[in-house]
Amino acid sequence: MTISLLAALLAQNHTIPLHTPGHQRGRGMEPLLRALWGTALAQDLSELPGLDNLAQPTGVLAEAQAAVAATVGSDRAWFLVNGATSGLLAALLATVGPGDRVLVGRNVHRSVIAGLVLTGAKPVYLGVAVDPQWGLPLPITRDVVAAGLAAYPDTKAVVLVSPTYEGLCSPLVEIAQCVHDHGLPLIVDEAHGSHFAYHPAFPVAALAAGADVVVQSWHKTLGTLTQTAVLHLKGERVSPERLSQALNLVQTTSPSYWFLAALERAGVQMAEQGEQIYARLLQWVKTSEWPLPRWQPTGIPQDPLRLTLGTWPIGLTGFELDALLQPQIMAELPSGRSLTFCLGLGTSQTMLEILADRLKSVYAEYVHNAPLPPLAIPPIPNLEEPTLSPRDAYFCPQVSVPLKAACNKISAETLSPYPPGIPAVIAGERITASVIETLQTLQELGAEIVGAADPTLQTLRICRV
């Protein structure tokens, strides 16, 4: 690399900035924000000479992306400043079009559903098994993918999430081989597994397993800024020109150079220090002891830095334990029977010790409570074709009806309980009694239902067909 992106950014020394952004290197920024961000405002710049252009990089940005690709083993990498969402939208726009069949894991993020609306592709949803003790979703298996490909030979692409929010991974080596045997591309949402390539103790990374297009949300586990992500391509099943074209449709034309420089430096940090950093953190995790059971399903590769503890033995929901730990300790993901912690680069041994001590105190206080009864989780079919495609549901006439009246009607909304953001019903699917019950249960437990026009769930929007 002749000069780094960060060096080029720091080298900008013009004193009369008559260009965007409007605060002109901090001069016009509101005083409280100027005091908060300080001299960094001078580097909040746009595509000036020497800083390259994200839409068509040929200089420092192109070199920074190439360095990241070389580090993780992809043929090409694109920096994303609109989060992993823009990468998933681009992956779909580059591989499928109106009417094309695509196999989609039922546990995908709602951004994939948005991609189906944009492309007009027709999904078949691959079922997700649920652990009966923990009430948490398991990753997609090879058998489910193989069954989908056999039942729908006109499939054009396969889209999966691995790892899951709780760090569980699909058998991607076997799945990639199966998908490639049919001559199709495998797209993997590896949002929570950006760190897998940097230490041998982690599960196999999607690129190493054979995936064609991989989207990584770097800000979730690496040392970069919120909203930054990377799109990777490997092999010849998907056109790099098509991916670039798709990205220019969905990504901002005014990228933050704070974000771009943060991505570059996070890549350098991982290449130079990643294995050492993670070796130290993994040792701390290995020697930590927890008073609550840890979720480690047998035979499923799991990210050792995703800590999910069962809360049901002491009669608490994950939401209740989460509230007891705050404000000092903030967890990543509460659910009805567990609480998940994301252990990252900034996690110290002292932080883990404080967490363990606090959990032991809570355990001692609540250990005599009766355990929570299991949650009734409705089964998800292995293969399910919606009544309408998400695109057709989006554009069809819609109406709001009372909750009970929505039963057996086609949903016009994709309703995702947060956390973790997995849709309970997807636009185009029928709203069943079990879906309504699940939404109400999760809302009562403390989950926020995202995507509903009526956040109280007194009404739902349905398709008038």
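Is D154 buried, partly exposed or exposed? D154 counts as partly exposed, at 41% relative accessibility; buried means under 20% relative accessible area, exposed over 50%, and partly exposed in between (1.4 Å probe, protein chains only).

1. Basis of the note. This is a predicted model, in which local features need pLDDT of at least 70 and side-chain atom pairs count only at pLDDT 80 or more, while totals for chains, interfaces and linings use all residues. Residues are numbered from 1 along each chain as its sequence is written, and side-chain values use heavy atoms, with hydrogens and water left out.

2. D154 and R101 meet through their side chains in a salt bridge of 3.7 Å, N to O; the term stands for a side-chain nitrogen of Lys or Arg within 4 Å of a carboxyl oxygen of Asp or Glu. By this rule the count comes to six salt bridges. D154 is in the loop between α6 and β4, and R101 is in strand β2, 53 residues apart. Helices (H or I, at least four residues) and strands (E, at least two) are DSSP runs, numbered from the N terminus. R101 itself counts as buried, at 14% relative accessibility.

3. The other partner of R101. E385 also forms a salt bridge with R101, with the closest N and O atoms 2.8 Å apart. E385 sits in the loop between β11 and α14 (390-395) and R101 in strand β2, so this pair ties together parts that are 284 residues apart in sequence. E385 is partly exposed, with a relative accessible area of 41%. Salt bridges that share partners join R101, D154 and E385 into one network.

4. A buried salt bridge. E429 pairs with R106, the closest N and O atoms being 3.0 Å apart. The two come from distant parts of the chain: E429 from the loop between β13 (416-418) and α15 (433-445), R106 from the loop between β2 and α5 (110-119), 323 residues apart. E429 is buried, with a relative accessible area of 6%, and R106 is buried as well, with 7%.

5. The eight-stranded sheet. Eight strands form an open sheet in the order β1-β7-β6-β5-β4-β2-β3-β11, with mixed pairing; two strands pair if DSSP finds at least two bridges between them. At the edges stand β1 (76-80) and β11 (383-384), each with a single partner strand, so one side of each has no neighbour in the sheet. Strand β2 (residues 101-105) pairs with β3 in the parallel sense over five bridges. R101 has K122 in β3 as its bridge partner. Helix α10 (residues 240-250) packs on this sheet, touching β1, β6 (213-216) and β7 (229-233), and its direction makes about 5° with that of β1. Contact here means heavy atoms within 4.5 Å; axes are lines fitted to C-alpha atoms, for helices over the stretch in contact, and angles run from 0 to 180 degrees between N-to-C directions.

6. The three-stranded sheet. A further open sheet has the order β8-β10-β9, with antiparallel pairing. Its edges are β8 (306-310) and β9 (333-334), each with a single partner strand, so one side of each is left without a neighbour in the sheet. Two bridges join β9 to β10 (residues 338-342), and P334 stands opposite L339 in β10. Helix α12 (residues 318-325) packs on the sheet, where it touches β9 and β10; its direction makes about 50° with that of β10.

7. Helix α7. In α7 (residues 172-181), the residues L172, I175, A176, C178, V179 and H180 are buried. They pack against α6, β4 (155-161), β5 (186-189) and α8 (206-209). G183 follows the helix and has a positive phi, near 75°.

8. P137. This proline lies in the loop between β3 (122-126) and α6 (142-151) and counts as buried, at 17% relative accessibility. Leaving out residues up to four places away in sequence, P137 touches V128, A129, V130, E166, L168, W295 and I422. P137 and N107 are 30 residues apart in sequence and 7.9 Å apart in space, C-alpha to C-alpha.

9. A surface patch. L33, L36 and W37 make a nonpolar surface patch of about 290 Å². Patches are made of residues with over 30% relative accessible area and no salt bridge; like charges are joined within 9 Å and nonpolar side chains (Val, Leu, Ile, Met, Phe, Trp, Tyr) within 5 Å. Accessible areas come from the Shrake-Rupley method with a 1.4 Å probe, and for residues only the protein chains shown count as cover. W37 lies in helix α2 (residues 31-37) and is partly exposed, with a relative accessible area of 38%.
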